[in-house]
Structures are given as structure tokens and as C-alpha cells.
Amino acid sequence: PQTVREVLEEVVPKKQLQLKQLKTEHGQAVLGDVKVEHVVGGMRGLKAMLWEASVLDPIEGIRFHGLSIADCQKVLPAAPGGKEIIAESMLWLLLTGKIPTEAETRQLSRELAEKGELPEYIEKLVDSLPSTLHPMTQLGMGVAALNHDSKFQQAYERGIKKSEYWTYALEDSLDLLAKLPALAARIYRNIYNPGKPLPKVNKDLDLVGNYVNMLGYGDNHDLTEYLRLYIAIHGDHEGGNASAHTSHLVGSTLADPYLAYAAGLYALAGPLHGLANQEVLRWQMNMQKELGGNITHESIKEFLWKTLKSGQVVPGYGHGVLRNPDPRFMALQQFCDTRPELLEDPIVQLVKKTYEVAPAVLKEHGKTKNPYPNVDAASGCVLYHYGLTQFKYYTVIFGVSRALGCLTQYVWSRALGLPIERPKSLSMDAIEKLIKQ
Ligand code: NMX
Ligand code: MLT
């Protein structure tokens, strides 16, 4: 089997050539107009970023190097004894555009497990934080502080050539990915099970297998499989989403991968982005409490209108790009459909029933361009069923996952020598002046 480094050594020169040709032969080609609505409307729809690993289609949803979630479920290796995609095979695909063999996947799992323990100073840092500090804040702090050992930063200080950046970026990225489970699990232990011993990283387990084990649910095969799927399919969602875009921007300054991803995590921690999965559970639990035993389509409809009339958004619904139900939502729902115990769970049932009502209500409300569920509408209820009930923690799991895509692009941005991001901004007066010209 080849290592992921060896495969990248082959792929990088090809991509560098592709970029060179794009710049020299098509540098002046027009991809769209920049309108005032883009400048004042969160740049929605503006094609202005290079992102290699995935592209989001409004109707079909995400494709990773052209592969849909269903395609990935067919071709990407699972864990021994499992069926779901694992983080390592998804990472391999994202980084190289190729499907790893079983042996390559196991080799990557082994490498990550070998790098998985946290340095002592990080353990001390995380252990010193108050348990009332939001787990996402803690995760970002731990990730940023891991840059103490950044090989990229050390190499930059030594004065390496630009053509060598990506190799150090890759080492840091693999190191960060390897340590995320231990960091995220330690935060969980400190907040919710203080004093409970934490297992060591098991060299024979895959990344998510180890994560679930360190969270304390290692004997739950179904939860482990769910989290494998969850973490693989949340891994990348093209470049424009707030966490990816943030980490891309920060990385473009040549801040190391740890700092770049820490910045991305703090974008993920906003309720309109990744924190929505925490908000969905809170909102669905409130709905359950308020509606009591008799939950009908009609009563859900009333609850939805109450949320909307109070000026709040319906969490887990709507999207900046998607105009159809999110295939990630559908994949997580399918996971439930194959397990009778999940289908009988009241909160899983409530999420399903809400989906039967919410699109029509949101259409009637008439504001959101996409009345359908995004991934966050589904992701929390299964965790809740399996006993991971602390929904303030849910976005941390998303944060472990999104590192796959953000760090992949970090490596590619350095391999392609992309410049510092610096778009032109305008004041409203300056816009008016331009329009009059
Ligand atoms: N409930 C109520 N109103 C909504 C919703 C919703 N779920 N989604 C959009 N709107 C409103 C939105 O607030 C805006 O109102 P206004 O004109 O008063 O500012 C209007 O509809 C138009 O917004 P869109 O263009 O449809 O949505 P936009 O691209 O600006 O935002 C989201 C996308 C995802 C931020 C937005 O749909 C939302 O706030 N959804 C709820 C939060 C959520 O689920 N976020 C998770 C996204 C996925 N993720 O993991 O990151
Ligand atoms: C994501 O996974 O990043 C979300 O769906 C948000 C987005 O794509 O804008």
C-alpha cells in the first residue's frame, strides 16, 4: 500500500499544472457578475473561492471529488466489522481525489492512532478551564494551543522554500486530526464526567472508534457506526460555508494549520452555522415538553408558527446554497430507518414528524429560500437516543469532522501557492458613486 504522502507527491504536480494553465489560458474568463446584492447580501452565490475537495449542487447536494454520499457509501472502506464510511477513507478521498484500498485505510488509521495522544501541556490547559465554558470555546483553545509544536511554523521560521510548504502543512494536518478525538473527549469528560479515567488511544482502532471509546461509549457499536457516518459526511461542504471560509482566510496569511482551524471552529460555533445542531435538539425538546403526549401534525404546525412569529428561525431548516432536502439529512434518516429501536424513539419520531410539516409551513411563511431540512435537523436526535444527551456538546462532534475538509484545503492551498485573501471592500457611499459612473 502507498501512504497518503506518496499519493499526494504524485497528484500535487498535476494540480499545480492545472492551476498554471487556468491562470495563463483563462485568467480573464468571466464566471459571473458582481452585483450590489452580493456585496450587501453575504456574497450568496458569488463564485469567488477556489476549493478542491467538494462542490455543492443546490439540488443534488454535496459531491466529494464528484462522488455523492451514496457513491461514497459504496466505495469507501469501512472499519473492520462495520459498514459505514470512516473518517480515514473520507480524508484520503478528500486529500487525494482517489479511493483508498482497505490496506491504505488501515495504515492511515494506524498512523493517526500513533499520533493520537495529547501533549501534557494541552491536558493541563484543558483541565484548567471552567466546566461552564462552552465546549466549542474549549475545543478552539485546545486546537490553537497545539500550534506550540507546529512543524509548519518551525519550518517557516527556518526559512523554507514556498514549494515545500505543503509537506509541513500535511504533517501538521495529520497530527491535528490525530489529536482531535483525545482533545474533544477530554473536554467531554471534564464537563460531564469529571474525574472519570480516560482510556488511552487504542492503536488498533480507527479515529472515530477511538473517539467513541474515549467518550465512554466504546461498547455501543451502533453509536460508533453512527458517528463514523456522521463524521465522514460532515467532513466537507465546499469552501464558502462559514467555518471553511474562515479557516481558508486565516490559512492564507500562512498562520499554521492549528491556528487556521481554530479560527474555523469559532465560525462553526455560531447558531446559524454548526451550533444549529445544539439548537435543534433544544427546540425539539421544548416542542415535546409544550405539546405533551398528543403530538399531531397540527400541533407541530402551531409550534412552528409560534417560533416564526416570535421572530426566531426554525433551527435545522434553510440553507445558503441547498434548495432541496440535504442529502446528509437523508443519509442520517436512512440510518434510523434500518434500526427499529431508533424508529420507536420519541425524539427521533418528532424529528421525522417535524420534517413532514415544516417545509409547507416555511413555504407559507415565505421568507426562507430553502424550506427544507439541513443536516443539523437530524444529527442530534440519534446521539440523544444513544445516551449522548448533552446537546451543548454536539457542535464539538461537528468540529472534529469539519477538520477533514478544512485541513485538506489548507494542504492544497499551500501546494498551489495560493495568495493571501484580500477582497476589495466598499462603503455604501463608494457603491453609490460606482453605480453613478
Ligand atoms: N426559519 C425562519 N426563517 C428563515 C430560516 C429558517 N430556518 N431560514 C432562513 N430564514 C429567513 C432568513 O432569516 C431571512 O430573513 P430576513 O430576510 O428577515 O433576514 C430570509 O429567510 C432569507 O434567508 P435565506 O436567503 O433563505 O437564508 P440565508 O442563506 O441567508 O441563511 C441559514 C441560511 C442556514 C443561515 C438560514 O436558513 C437559517 O438561519 N437557518 C436556521 C439555522 C440553521 O439551521 N443553520 C444551520 C445551517 C447548516 N449548518 O450546519 O451550518
Ligand atoms: C455546512 O455543512 O457547512 C453547512 O451546511 C453550511 C453551509 O454549507 O453553508
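Analyst: I'll call a residue near a molecule if its C-beta atom, placed from the backbone, lies within 6 Å of it. This is a predicted model, where local features need pLDDT of at least 70, side-chain atom pairs count only at pLDDT 80 or more, and totals for chains, interfaces and linings use all residues. Residues are numbered from 1 along each chain as its sequence is written, and chains are lettered from A and ligands numbered from 1 in the order in which they are written.

User: OK, which residues come nearest to ligand 1?

Analyst: A276, V313, G318, K367 and T368, out of 21 around ligand 1.

User: And how does that shell divide into nonpolar, polar and charged?

Analyst: Eight are nonpolar, nine polar and four charged. Ala, Val, Leu, Ile, Met, Phe, Trp, Tyr, Cys and Pro count as nonpolar, Asp, Glu, Lys and Arg as charged, and the others, Gly among them, as polar.

User: Switching topic: what domains is the chain divided into?

Analyst: Domain 1 (102–271 + 393–415) and domain 2 (276–385), with bounds from an automatic or database domain assignment. Their centres, taken over C-alpha atoms, are 29 Å apart.

User: How many residues are in contact there?

Analyst: Ten of domain 1 with 15 of domain 2, contact being C-beta atoms, placed from the backbone, within 7 Å. On the domain 1 side, α11 gives the most, with five residues. That side has seven nonpolar, two polar and one charged.

User: What is Y211 in contact with?

Analyst: Leaving aside neighbours within four places in sequence, Y211 is in contact with P181, A184, A185, L227 and V400.

How values were computed:
Two residues are in contact if their C-beta atoms, placed from the backbone, lie within 7 Å. Helices (H or I, at least four residues) and strands (E, at least two) are DSSP runs, numbered from the N terminus.
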